[in-house]
Amino acid sequence: MTLSDTIPKTLGVSSVADEVTRETGIYEQVSESPAEGAQKPGKTSSYFNVLFSGFALLSDGYQSGIISSVNLLLSTIYGAEIFNSTMVSRLSYALFVGAVVGQIGFGLVIDRVGRKIGLILTTALVIIGAALSAASSGTSPTGLLWMMIVSRGILGVGVGGEYPCSSVSAGESADDVAPGRRGGLFVLVTNFVIDLGYVTSAVVVVILLAIFKDNLEPVWRVALGLGIVPPLSVLYFRLKMADSKRYKEGAMRRSVPYWLIFKKYWPRMLLTSGLWFIYDFVGFPMGVFSSIIIDTAAPSGSLLIVTAWNVLLYAFYLPGSIAGAFAVDRIGRRKTLALGLSLQAIVGFIIGGTYYPLSANCFPMFVIMYGIFMALGEFGPGDCMGLNAMELYPTAVRGTGYGISAAIGKVGATVGTLAFAPMQEAMGGVRGPFLIGSAITFAAGLAAFFFLPEAGPDYLTEQDAEFREYLKANGYDISLLGLGNKQSYHTMQNNSLEENSDFKPPQQ
């Protein structure tokens, strides 16, 4: 019995999906014959892989963004005695801690077991974690908050797992959908979708406050619960998906030479992880505490007014992400990342230096400057961190490399969240995080410009061919690569040479 047999036909979901499957052959037919799929890739299959890999990231952005408003609501309900700064930090970084576990764990899963199984498991964890968060309860307010913290941790494992699972799967299929424009498409189905989740989280809270007014408990419960919708809507299609063609050709499921891999790729791991750590150290606290920052800058505003300003602030994410999507394939990943980091640092210095007169005398301008700061973060590092982590590693270890890089980034987010209050206290308020964060960001921009390699349209294929030659030169049995197709890498390399006659495998 298939899943479609268990869903009532009156819902229309099963019949539509089965019709898509029959007409396009995008899922099970592709998975039945890896070799045949490698020779005759279905472009429609790649479209659906990209779409359904990326769409659930909407929930990840939503769940990361909603906690800013939930913190504000809970502080209003319970007061500073129960919902103190320690509890605020625990609730804020619970998602990040879980995400570290999910990113590393599922990075390994999608390399060793398969892209599809990772996508299904992370979807289930996001649904369970979001449901438990919304249903949090206890014999006391403190007990309720602790259940929410644990539930957010479970949610974080799923959210963290989505990063390597969704991003790697979408990136590997993007070349079939938009040849030569992989970077822009990758950004639009990953980081832009995450940013859209942030914006949606802010809009939802404003609507719920308008509906429930001063009855705040249903506001935070419904707001958290709505995060279930995106992953639930793609679960069926993910169950029917196949692994990407590139994974079938380049998978390394057994006899993994971890020491050889580490020796070759540790400099890139240091670069991708370090840059992501810095970006999340600066950027995540600015997003998580955005409502609190706005409330601090405009203390006379009502709860509805503060959350409405937060909508405007989050809306700046979208143009920043779209601009970066256009830039990465035109000026390159390295220049886009360095430019975004440098400009963000400049704006951050301006905000930090003028914070008091700006927030006191021209609050709308403060919000606009704050929004530009966040938009530039999406234009450069927001768009490029995941793209670099996806492109700079070969298929066989792409999930692992991406997962470790993203996990180190989440460690940065956790450290930044914990350090936010001490930075405020040390430098007299909100201006402290802006000034310190901008200095670190500017240094990261210089590092990206001088050390980051540039990835072109054929870079994924070149990486796989180079990795194959490296393994072969070090005595590894390359017939172990691929899923039952010993010629897959050989075919891939020949295709690469035909398409790019200037490419030569590196001399060992």
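This is a predicted model: local features need pLDDT of at least 70, side-chain atom pairs count only at pLDDT 80 or more; totals for chains, interfaces and linings use all residues.

Me: Where does S167 lie?

Reply: S167 belongs to helix α9, which spans residues 141–177. Its side chain reaches the backbone oxygen of Y163 at 2.8 Å.

Me: Which residues is S167 in contact with, leaving aside its neighbours within four places in sequence?

Reply: With those neighbours set aside, S167 touches L57, E162, F186, T190, M390 and Y402.

Me: How should I describe the chain as a whole? How many helices and strands are there in the chain?

Reply: The chain has 24 helices and zero strands. Of its 508 residues, 59% are buried. Among contacts with a separation of 6 or more, 84% are between residues 24 or more positions apart. The accessible surface of the chain is about 19400 Å², and carbon and sulfur atoms account for 66% of that area.

Me: How many aromatic pairs does a search of the whole structure find?

Reply: The search finds 17 aromatic pairs. One of them joins Y236 and F237, an edge-to-face pair with 5.6 Å centre to centre and 85° between the planes. Planes over 60 degrees apart count as edge-to-face. Y236 is buried at a relative accessible area of 6%, and F237 is buried at 15%.

Me: Why is the pair of Y265 and Y393 tilted?

Reply: The planes of Y265 and Y393 stand at 55°, so the pair is tilted, with the ring centres 6.1 Å apart. This pair links distant parts of the chain, as the two residues are 128 residues apart. Y265 is in helix α15 (residues 258–288), while Y393 is in the loop between α20 (363–391) and α21 (398–426). Both Y265 and Y393 are buried.

Me: Which residues form one aromatic cluster?

Reply: The cluster consists of Y355, Y356, F363, F366, Y370, F373 and F434.

Me: Which charged ends sit over the rings of Y265 and F449?

Reply: Over the ring of Y265 sits the charged end of K264, 5.6 Å from the ring centre. In the case of F449, the charged end is that of R334, at 4.8 Å from the ring centre.

Me: How many disulfides does the structure hold?

Reply: The structure holds zero disulfides. C165 counts as buried, since its relative accessibility is 0%. C362 is partly exposed, with a relative accessible area of 34%.

Me: What should I know about the backbone angle phi?

Reply: Most residues other than glycine have a negative phi. In this model, K213 has a positive phi of about 55° although it is not a glycine. K213 is found in the loop between α11 (191–212) and α12 (217–225).

Me: Is K213 buried or exposed?

Reply: K213 counts as exposed, because its relative accessibility is 56% and the cut-off for exposed is over 50%. S255, another residue that is not glycine, has a positive phi near 50°. The loop between α14 (245–250) and α15 holds S255.

Definitions and conventions
Residues are numbered from 1 along each chain as its sequence is written. Side-chain values use heavy atoms; hydrogens and water are left out. Helices (H or I, at least four residues) and strands (E, at least two) are DSSP runs, numbered from the N terminus. Buried means under 20% relative accessible area, exposed over 50%, partly exposed in between (1.4 Å probe, protein chains only). Contact means heavy atoms within 4.5 Å. Accessible areas come from the Shrake-Rupley method with a 1.4 Å probe; for residues, only the protein chains shown count as cover. Rings of Phe, Tyr and Trp (its six-membered ring) pair if their centres lie within 6.5 Å; planes under 30 degrees apart count as stacked, over 60 as edge-to-face and the rest as tilted. A charge sits over a ring if NZ of Lys or CZ of Arg is within 6 Å of the ring centre and within 35 degrees of the ring normal. A polar contact is a pair of N or O atoms within 3.5 Å; within protein, one must be able to donate a hydrogen and the other to accept it, and residues adjacent in sequence count only if both atoms are side-chain atoms. A disulfide is a pair of cysteine sulfur atoms within 2.5 Å.
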